[in-house]
Amino acid sequence: LASENGVKADGVSNNALILQGLIDRCASEGGGTVVIDKGVVVSGAITLKSYVTLEIAKDAVLQNTGDREDYPYVPVDFLSYYPERRAMIYAQNQKHVAVVGKGTIEGLADKFKARSSESARVSLIRFDGCENVLIKDITLQNASMWTQHYYRCDKVNVSGITVKNYMKNDDGLNIDGCHDVKIDNCDITSHDDAITLKTCSRRANKNILVTNCRLKSVKSAFKFGTESH
């Protein structure tokens with residue numbers, strides 16, 4: 001539990017170092033779950049590791065700091081239309097990673113300028129080159145950039161989540177060069193595209209199933225074609 005390991009749920013303190021330490025410890029022990037169990041936990045960028053689950057409990061919030069410098073660029077390790085991006089929760093080339101729970105990830109979109117460059121803003125979740133990804137039940141809101149970006153990932157399951165956004169370029173869910181993806185029972189509201197399939201690298205999407213979702217968008221509910229090699 002985060003609250004028993006030095007994390008301050010005071011809505012002010014940046015807990016990134018402590019949360020990263022807990023994730024690293026779980027990974028070194030072969031896997032486990034880090035639980036944000038209560039309160040508003042502010043954090044800069046954290047990186048998930050193989051066999052580690054981040055759980056945000058009901059009524060708990062993982063909140064953006066509102067400062068893009070707390071989310072440094074992490075370059076991808078392959079040729080890409082977007083070689084670097086910022087994200088609250090990041091993983092690259094990991095296996096069996098998950099973000100679950102009945103709580104909320106808050107992006108504080110109003111702290112970032114809508115007309116600033118896309119790379120200056122912060123996604124809530126970005127996974128690159130990962131296998132066996134689970135995103136379940138969580139609420140994701142007020143992203144200043146693509147809410148979720150799954151890039152060259154295999155065996156992805158996004159289930160029962162809620163997305164609530166209102167800002168430019170705040171796509172609800174982006175599947176990008178991924179294989180064997182299931183998206184089900186999600187409720188996604190976005191100013192920009194709700195769900196987008198794209199290929200920012202030269203890796204194609206394959207075997208994508210979207211079922212029983214509610215999609216609401218000012219732009220496109222379900223979109224193909226942008227950044228498609």
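**Note on salt bridges, a buried glutamine and a cavity**

1. Arg214 and Asp187 form a salt bridge, with their closest N and O atoms 2.7 Å apart. This pair ties together distant parts of the chain: Arg214 sits in strand 22 (residues 214-217) and Asp187 in strand 19 (residues 187-190), 27 residues apart. Keep in mind that the model is predicted.

2. How exposed are the two partners? Arg214 has 43% relative accessibility, so it counts as partly exposed. Asp187 has a relative accessible area of 28% and is also partly exposed.

3. Arg203 is partly exposed, at 24% relative accessibility.

4. Glu69 and Arg68 supply another example. Their side chains meet in a salt bridge of 3.5 Å, N to O. Glu69 counts as exposed because its relative accessibility is 54%, and the cut-off for exposed is over 50%. Arg68 is partly exposed, with a relative accessible area of 38%.

5. How many salt bridges does the count come to? The count is nine. The general idea is simple: side chains of opposite charge can pair when their charged atoms come close.

6. Now look at Gln148. Is Gln148 buried or exposed? Its relative accessible area is 0%, so Gln148 is buried. The residue is placed in strand 14 (residues 148-151). Its side chain makes a polar contact of 2.8 Å with the side chain of Tyr150.

7. What surrounds Gln148? Leaving aside residues up to four places away in sequence, Gln148 touches residues including Ile125, Ile135, Leu140, Val158, Ile161 and Val163. Asp171, Gly172, Leu173 and Asn174 are also among its contacts.

8. Last, the cavity. The count comes to one cavity of 30 Å³ or more. About 40 Å³ of space lies in the largest cavity. Which residues line the largest cavity? They are Ala2, Ser3, Val7, Ala9, Ile36, Asp37, Lys38 and Val41. By class, this lining has five nonpolar, one polar and two charged residues.

Note on methods
Residues are numbered from 1 along each chain as its sequence is written. This is a predicted model: local features need pLDDT of at least 70, side-chain atom pairs count only at pLDDT 80 or more; totals for chains, interfaces and linings use all residues. Side-chain values use heavy atoms; hydrogens and water are left out. Helices (H or I, at least four residues) and strands (E, at least two) are DSSP runs, numbered from the N terminus. Buried means under 20% relative accessible area, exposed over 50%, partly exposed in between (1.4 Å probe, protein chains only). A polar contact is a pair of N or O atoms within 3.5 Å; within protein, one must be able to donate a hydrogen and the other to accept it, and residues adjacent in sequence count only if both atoms are side-chain atoms. Contact means heavy atoms within 4.5 Å. On a 1 Å grid over the protein atoms alone, a cavity is a set of points where a 1.4 Å probe fits but cannot get out, and a pocket is an open set with protein on both sides within 12 Å along at least five of seven lines; lining residues have an atom within 4 Å of a point. Grid points are joined across faces, edges and corners, and a volume is the space filled by probe spheres set on the points. Ala, Val, Leu, Ile, Met, Phe, Trp, Tyr, Cys and Pro count as nonpolar, Asp, Glu, Lys and Arg as charged, and the others, Gly among them, as polar. A salt bridge is a side-chain nitrogen of Lys or Arg within 4 Å of a carboxyl oxygen of Asp or Glu.
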